[in-house]
Each structure stands twice: as C-alpha cells, then as structure tokens.
Amino acid sequence: MNVDPFSGPDSPRVRFGAEMRRLREEAQLSQGAVAARLGCTQTQVSRLEAATRTPSKSDAERLDRLFGAGGGTLFAGLHRRILARPGSPDWFTSWAEEIEPTALVLRSWDPLLVPGLLQTESYARHVFNHAPLITPEEVEERVETRMRRGEILDRGVPPLLLVLADEGVLRRRVGGPEVMREQLGYLLEIAQRPAISIQLVDQQCLSGVLGAFMIAELPNGQPDVIHVDSSTEGQVSVDPIQVTSIWNRYEAIRRWAYPEHMSLKMIEEVRQEWT
C-alpha cells in the first residue's frame, strides 16, 4: 500500500491550510467571515486550516479571488499538487519542489545519463530535444525547470548529494564534444563541494540496468521517499517494501563503484578525449 509522501509538515495540504490561516489573520478576518465568502461553514474553514479537510477546486479559486496571493494562483497551484498522482507532471513538480528541497540526503543512480541535478543547460537541452513530438517551447520549459532544480545545491546548507553513475555515461554523446567537455568539466568542478560525492560504477555491474532512481532521506523522522524512472512515467513512493527494494539495489550497485578520487580522475581523462 502506497502512503502519501506529502502528509508531513511540508505537504501541499498542510501548506494550503497554513497559507489560508496566515492570509486570513493578516486581513484581520475571522474564520466565520472567510466561511461566508467561501459559502461554507466555520467548521469547514477550521478543518481546511488544520489540514484535516481536502480543499475543493472551488475552495482554491475563491481563496485566490479573496486574497490574490501569488498573483492570484497560490491556492490553485497547491490544490493541483494535492491531487497529483504518480506519473503526472504535477506529481514530479511535487517531488522537485516538495521533496528535494527538504531532503537531508539525496542518493541517485543513473545508468544512462548525467543525473538531472548535475546537468548543464546545454546538456539538458540536447537531452530534451530528443523527446518524441516535443515542441521548442516545451524544451525550454523543461530546461528551465531542470536548472531551477539544481538551485538547491547552492543553498547555504544544501542536501548531501551522493551520486552513482555508470562509467559509460562519460562517453555517451549528448550534443557534441563541446557540450560533453563542458558537462564533464562541471562535474569535476561541483565534485569539489563537500556536500557532493560522485562515484562512477563499473559497466559490468548489472544490478542497476532496470533504470535510474533517487532516494531522499527527510528530516524529523519522516520515511524515506524514492523516485524511480521508467520509459513512460516516474513513480514516487514511501511504501516500505518498494523503498527497501530500492535501498538493496542501491547497495548492490555501490559495491561496483570506483573510489571517488579514481572516479574524478576517470572523468578528467574522458573530458580530454572529447576534442
């Protein structure tokens, strides 16, 4: 059974209630006054603020009209995240905006490409350009989203990022030599940060051929969350059986990893080959 990974203090529903209460108090409105404007009871307003009631679309729209926060779309955006399901764009937005920014530790495995959090803009653009039937506008939107994800690494206290990547990633041509040199140079640069570790994995390792994944360790005793890639959709779960399975796979892959200093030397050697 899957458990909602957004039921903690940073969940969209909790944030919905917290923002509702904050804006109501700033406007010096009682719960009864807001209830009258929403066309509901004071009890229902109380439950929304306490995150014990799931808001409706009309609740979100009326609150956006009432308070005008976030350009008049704050509550509509939170409502979409509350309803998001695995595989939907909003679900991954929730992973990128709700899970990654709050994680203490992020572990990733990537058998085919440089992990998204460490991709350069040029590398990411070439990756997205090859998606079937994608428009130029969609490419730019996805590139912008990917670059924004990486901003968590520039925070004063970033998450610990532990990267495992198949050594074949270094020679898989994305774009041209210039793009590859820039990308591998960026890996060498960012690997100098104390919160980032990059290890290459011997290509003989078969434990990770089923696909890429990430494991997020969250604060305050919250359960670990996993994101597993597939050719059609990503899946996010805190289901203990699935999480344990991914942890076991991660440890099996890690046994084939080269030491970090050797991995960085390999990256530098291959970077020089891209001429």
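Reply: A polar atom of the Glu167 side chain lies 3.1 Å from the backbone nitrogen of Gln203. A polar contact here is a pair of N or O atoms within 3.5 Å; within protein, one must be able to donate a hydrogen and the other to accept it, and residues adjacent in sequence count only if both atoms are side-chain atoms. The model is predicted: local features need pLDDT of at least 70 and side-chain atom pairs count only at pLDDT 80 or more, while totals for chains, interfaces and linings use all residues. Residues are numbered from 1 along each chain as its sequence is written, and side-chain values use heavy atoms, with hydrogens and water left out.

Glu167 sits in the loop between S2 and H9. Helices (H or I, at least four residues) and strands (E, at least two) are DSSP runs numbered from the N terminus. Glu167 is buried but has no salt bridge, and the nearest side chain of opposite charge, Arg171, is 5.5 Å away. Buried means under 20% relative accessible area, exposed means over 50%, and partly exposed is in between (1.4 Å probe, protein chains only). A salt bridge needs a side-chain nitrogen of Lys or Arg within 4 Å of a carboxyl oxygen of Asp or Glu. For charge, Lys and Arg count as positive and Asp and Glu as negative; His and the chain ends are not counted. Setting aside residues up to four places away in sequence, Glu167 touches Leu200, Val201, Asp202, Gln203, Tyr258 and Met266, where contact means heavy atoms within 4.5 Å.

Asp202, one of those partners, belongs to the loop between strand S3 (196-201) and strand S4 (213-217). Asp202 is also buried without a salt bridge, its nearest oppositely charged side chain being Arg171 at 11 Å. Its side chain makes a polar contact of 3.0 Å with the side chain of Tyr258. Beyond four places in sequence, Asp202 is in contact with Asp166, Glu167, Trp256 and Tyr258.

The largest has 38 residues, and Leu106, Leu118, Leu161, Ile198 and Ile267 have the most contacts inside it. Two or more residues come from each of helix H6 (89-99), strand S2 (160-166), helix H9 (177-190), S3, S4 and helix H11 (260-273). H9 contributes the most, six residues. Leu106 touches Glu100, Leu117, Ile152, Pro159, Leu160, Leu161, Leu162, Met214, Ile215 and Ala216, again not counting residues up to four places away in sequence. A second, separate core of 18 residues includes Phe16, Leu23, Ala35 and Val45. In soluble globular proteins, nonpolar side chains tend to be buried together.

Ala35 is among the buried residues of helix H2 (residues 31-38), with Gln31, Ala33, Val34 and Leu38. These buried H2 residues pack against H1, helix H3 (42-49) and helix H4 (57-67).

The structure holds two aromatic pairs. Rings of Phe, Tyr and Trp (its six-membered ring) pair if their centres lie within 6.5 Å; planes under 30 degrees apart count as stacked, over 60 as edge-to-face and the rest as tilted. Phe16 and Phe75 are edge-to-face, at 4.9 Å centre to centre and 65 degrees between the planes. Phe16 is in helix H1 (residues 12-26) and Phe75 in helix H5 (residues 74-83), so the pair ties together parts 59 residues apart in sequence. Phe16 and Phe75 are buried. The ring centres of Trp247 and Tyr250 are 6.0 Å apart with planes at 80 degrees, so this pair is edge-to-face. Trp247 and Tyr250 lie three residues apart in helix H10 (residues 240-254), about one turn of the helix. Tyr250 counts as buried at 4% relative accessibility.

Thr244 is also placed in helix H10 and is partly exposed, with a relative accessible area of 43%. A polar atom of the Thr244 side chain lies 2.8 Å from the backbone oxygen of Pro240.

For the chain as a whole, there are eleven helices and six strands, and 47% of the 275 residues count as buried.

Conventions. Core = buried A, V, L, I, M, F, W, Y, C linked by side-chain atoms within 4.5 Å.
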